[in-house]
Amino acid sequence: MNSKNIVLSILGTTLDVVSKRRGKFEKRWERWRPNVSITQRAEVFPVDELHLLSAGKDMALAEEVSADINVVSPETHVAIHDVSFTSPWELEITYLQLRDFLSDFRFDPSANYFFHITTGSHIQQIVIFLLHESRLFPGKLLQTAPPKEGSTEPRHQIIDLDLSKYDAIAERFRKDHLEGEDFLKSGIQTRNPAFNRMIQQIELVAQRSIAPMLITGPTGAGKSHIARRIYELKKKRNLVSGDFVETNCATLVGDNAMSTLFGHKKGAFTGAVDKRDGLLKRADKGMVFLDEVGELGLDEQAMLLRAIEDKCFLPMGADLEEKSDFQLIAGANKDLRKEVKEGRFREDLFARINLWTYRLPGLAERKQDVEPNIEYELDRFERNHGERVAFNKEARARYLEFALSPEALWPANFRDLNASIVRMATLADKGRIKTDHVDEELQRLRYLWSHAESPAMASSLSLDDFLAQYLDLEQLEHVDYIEKVQLKAVIEVCRNCRDGAEAGRTIYNASRLRKKQTNDSHRLRQYLAKYGLHFDSISQFSLNGNSAS
């Protein structure tokens, strides 16, 4: 015995109608009427039951359609249901009304069910797709259409939306996920299983959640880079429309912290000669990345918590609140749990940003990824300098042997690797890195790391060792101690700023307010030039190929 075919369909208040004018009513069989046509080809698609969904005000039309179906297909039982769509153009309301109807509908497990989708509004048809996908309608879709030109037979097509049966679609979904993961990894074919699993989850969370994310890990592990890639992935998928703004909270002190984050009103404090929008305002509909969030003061933490929860905050000196619908990524190399325990970080703020927490491992913990990252750095050097550089075979083997050995501490993580490759590529003859270049570089790295006990101690490098990453040893001998302290502070700011203008504003935050015309990036260039330095050779963003200066 064949299973029954049961069709659910919405009454077509336009297409199912037949004019009562003389001559028109008699020709109603010649006109295509969706709900009648379902039953007109019993030899191809027999319909045992048709459940017609109609608003109360259209009940006369529903009865007329039922009567005509009885003429063309007397074996079809028609049941009319009063489903008065209060707002057929509102997706949420229509979904809930159809969901309630299906929840009360008694399905026969032995029958074949079909939902007819030619009739009704486009919103109603979308809702039917959603209900089918959510398993609330255990059947297939039935699409009908008028006869082709020259034919009298109405057309119908059965659509099975079980996506698992469609290999091409399933493969496309799989490729979309892989492309998202590859995008987050900047195309680097990483081999560390734990890191790859983490990236897979970040890709899912980035698309499905607007909640704050916390990215932890040692300095140089790539927190800022992954934050920007998360934003760019969301932007590609139309999940954010605003800008990406960021700051390193370690550079924010006093009034500058409040002003940078939340903005200020003109005259809010000495030097506040103009109104200023803070980073959170600039990130409206976009994303803000607060690196080293553990360095914020307790007052700023309290303001940030309110901004996260209520999407509003009070700029310094203002009477009216500002609103900003931003998404947040926070970065930290401190253990915020310890900071909470010792009273330096608010427990409620930590709970709010700790929903999705990911720790980026240092390079020394991802030795499998050293080799693909070497290739990535060489490619990036080519993009930035227009010159292709490669190792010769022996030099490559020697460098890899050191890079993968316990001797390679990589205390500054990918910053160390980037700087190392850039140095060798710059000195390479005719685009070839040879063994003498590698030997010189390994000697330099051993010296730089001679006091670094572990990757986690990159921040504990002595003043001279820190500056030796940027100045040659002979030059360093002629710099006074007070200059070294100042230069180190300037370099640390430049490392964490996207361009020279941002770094200049941070460094000259007080004196710039007293000038009629400010050119902070020019002042910074002049200062760095005294030591033979340039912003692009310092900033981690420039080294990542993202410099805006």
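A cavity is a set of grid points where a 1.4 Å probe fits but cannot get out. Rolling a probe the size of a water molecule over the atoms shows where empty space is left. In this predicted model, a search of the whole structure finds 4 cavities of 30 Å³ or more. Take the second largest cavity. About 60 Å³ of space lies in it. Its lining includes Ser37, Ile38, Arg41 and Phe45. Thr144, Pro154, Arg155 and His156 also line the second largest cavity. By class, that lining has 3 nonpolar, 3 polar and 2 charged residues.

Now turn to the surface. Leu91, Ile126 and Leu130 form a nonpolar patch there. Together the three have about 240 Å² of accessible area. Leu130 sits in helix 4, which covers residues 122-133. Leu130 counts as partly exposed because its relative accessibility is 39%, between the 20% limit for buried and the 50% limit for exposed.

Ala489 belongs to helix 19, residues 481-495. Ala489 too counts as partly exposed, at 39% relative accessibility. What separates the C-alpha atoms of Ala489 and Thr251? The distance is 9.7 Å, for two residues 238 apart along the chain.

Charged pairs come next. The structure holds 27 salt bridges. One of them links the side chains of Arg229 and Glu232, at 3.3 Å from N to O. Why are Arg229 and Glu232 separated by about one helical turn? They are 3 residues apart in helix 7, which spans residues 223-236. Their accessibility puts them in separate classes. Arg229 is buried, with a relative accessible area of 17%, under the 20% cut-off. Glu232 has 24% relative accessibility, so it counts as partly exposed.

A second bridge joins the side chains of Asp335 and Arg337, at 3.2 Å from N to O. Asp335 is partly exposed at 36% relative accessibility. Arg337 is exposed, with a relative accessible area of 58%, which is over the 50% cut-off.

Another salt bridge runs between Arg446 and Glu407. Their closest N and O atoms are 2.4 Å apart. Arg446 lies in helix 16 (residues 435-448), whereas Glu407 lies in the loop between helix 14 (393-403) and helix 15 (414-427). The pair therefore ties together parts that are 39 residues apart in sequence. Arg446 is partly exposed, with a relative accessible area of 39%. Glu407 is partly exposed as well, at 40%. Elsewhere, salt bridges that share partners join Arg33, Glu64 and Asp68 into one network.

Return to the loop that holds Glu407. Most residues other than glycine have a negative phi. Trp410 has a positive phi of about 45°, although it is not a glycine. Asn413 also has a positive phi, of about 60°, and it is not a glycine either.

Methods: Residues are numbered from 1 along each chain as its sequence is written. This is a predicted model: local features need pLDDT of at least 70, side-chain atom pairs count only at pLDDT 80 or more; totals for chains, interfaces and linings use all residues. Side-chain values use heavy atoms; hydrogens and water are left out. Patches are made of residues with over 30% relative accessible area and no salt bridge: like charges are joined within 9 Å, nonpolar side chains (Val, Leu, Ile, Met, Phe, Trp, Tyr) within 5 Å. Accessible areas come from the Shrake-Rupley method with a 1.4 Å probe; for residues, only the protein chains shown count as cover. A salt bridge is a side-chain nitrogen of Lys or Arg within 4 Å of a carboxyl oxygen of Asp or Glu. Helices (H or I, at least four residues) and strands (E, at least two) are DSSP runs, numbered from the N terminus. Buried means under 20% relative accessible area, exposed over 50%, partly exposed in between (1.4 Å probe, protein chains only). On a 1 Å grid over the protein atoms alone, a cavity is a set of points where a 1.4 Å probe fits but cannot get out, and a pocket is an open set with protein on both sides within 12 Å along at least five of seven lines; lining residues have an atom within 4 Å of a point. Grid points are joined across faces, edges and corners, and a volume is the space filled by probe spheres set on the points. Ala, Val, Leu, Ile, Met, Phe, Trp, Tyr, Cys and Pro count as nonpolar, Asp, Glu, Lys and Arg as charged, and the others, Gly among them, as polar.
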